[in-house]
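Welcome, and please have your viewer ready. We will go from one selection to the next and look at what is there.

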Amino acid sequence: MPRHGPDANEGAAAGAGRTPPGEAERIAADAAALTTAAARRSSPSVPGPRTADAVAAAVRSEILSGELAPGTPLREEDLSAAHGVSRHTARTALATLTAERLTTAEPYRGVRVSLLDDDALIALQQLRCALETEALRIVRDRGIRPSAAGAALDDLAVAEAAGDWPATLDAHARVHLALVDASGSSRIAEEYRRLDGEMRLLLTHVRPAYAPGALTEEHRAYVEEALRAPERVVRAHLEHSTRAIIDGRAGR
């Protein structure tokens, strides 16, 4: 029997099995786009500064400038309104500052700028003394000359002359860190850096006791003497600053 050509149904089925011109390219492009989108969702993007970190930095600056006095209460709702953030973000920022000991959290009293009372001040200075004395003992015994300390002292002089308190705080911290880092002990340096916030707060407390330029002069002499006799000089230096703060509080 002669075979006839495909009927209409067969033609439709055959047509359904064929991809129209350009359709394959479109499907491939769509699949690639979906793959890229999925990869973006599964791969974390490079994070920028967290909002809580930015709030903590702003409050830290106010504390270390003296704008927020010791004992000042810091309320989540106030920070939230002032910085346009959620209370959760404000709470995270306060937790960061509390970990740095710049603020103190007390049950039923909330968070306040740290006061560093006499007992806390003495304890901090004792810990500083132990770390810095040992670091300088290593520096002396190895005959190291910490050149970074000289550069930090020069920056301290410039900052004091300009009356730039934030720069003075930074340069003062770098003087002491340069001495500690010169020891080459990563553990001592790590622990010393944990005290940075409290030490800057301490210097804010002692600020009225120093005439312009006096901090630089004192620290130039300190570096020279401490490199020779750290066991005696570090303790004397820290006892002097401790006494200046305590006397200042007592109005003496």
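Which residues does Ser183 touch, not counting residues up to four places away in sequence? Bear in mind as you look that this is a predicted model. Select Ser183 in the loop between H8 and H9, then show its surroundings: Ala135, Ile138, Val139 and Arg142 are the residues it touches beyond those sequence neighbours. Ser183 has 2% relative accessibility, so it counts as buried, the cut-off being under 20%.

Next, select H8 together with helix H11, residues 214-226. Their axes come within 12 Å and cross at roughly 5°. Because angles under 35 degrees count as roughly parallel, that is the description for H8 and H11. To see the contact itself, show Thr168, His172, Val175, His176 and Leu179 on H8, then Leu215, His219, Tyr222 and Val223 on H11.

Now for the nonpolar cores. In the largest one, which has 40 residues, Val59 and Ile63 have the most contacts inside it. Elements that give two or more residues to this core include helix H3 (51-64), helix H5 (87-99), strand E3 (110-113) and helix H12 (230-250). Center on Val59 and look for Leu68, Leu74, Leu79, His83 and Leu97, which Val59 touches when residues up to four places away in sequence are not counted.

For the last stop, select Ala149, Leu179, Ala226 and Val233, which are among the 18 residues of a second, separate core.

Key
Residues numbered from 1 in each chain as written. Predicted model: local features only at pLDDT ≥ 70, side-chain atom pairs only at ≥ 80, totals over all residues. Heavy atoms only, no water. Core = buried A, V, L, I, M, F, W, Y, C linked by side-chain atoms within 4.5 Å. Buried < 20%, exposed > 50% of the residue type's maximum accessible area, 1.4 Å probe, protein only. Helix = DSSP H or I, 4+ residues; strand = E, 2+ residues; numbered from the N terminus. Contact = heavy atoms within 4.5 Å. Axes fitted to C-alpha atoms, helices over the stretch in contact; angles between N-to-C directions. Parallel < 35°, antiparallel > 145°, perpendicular 65-115°, else oblique.
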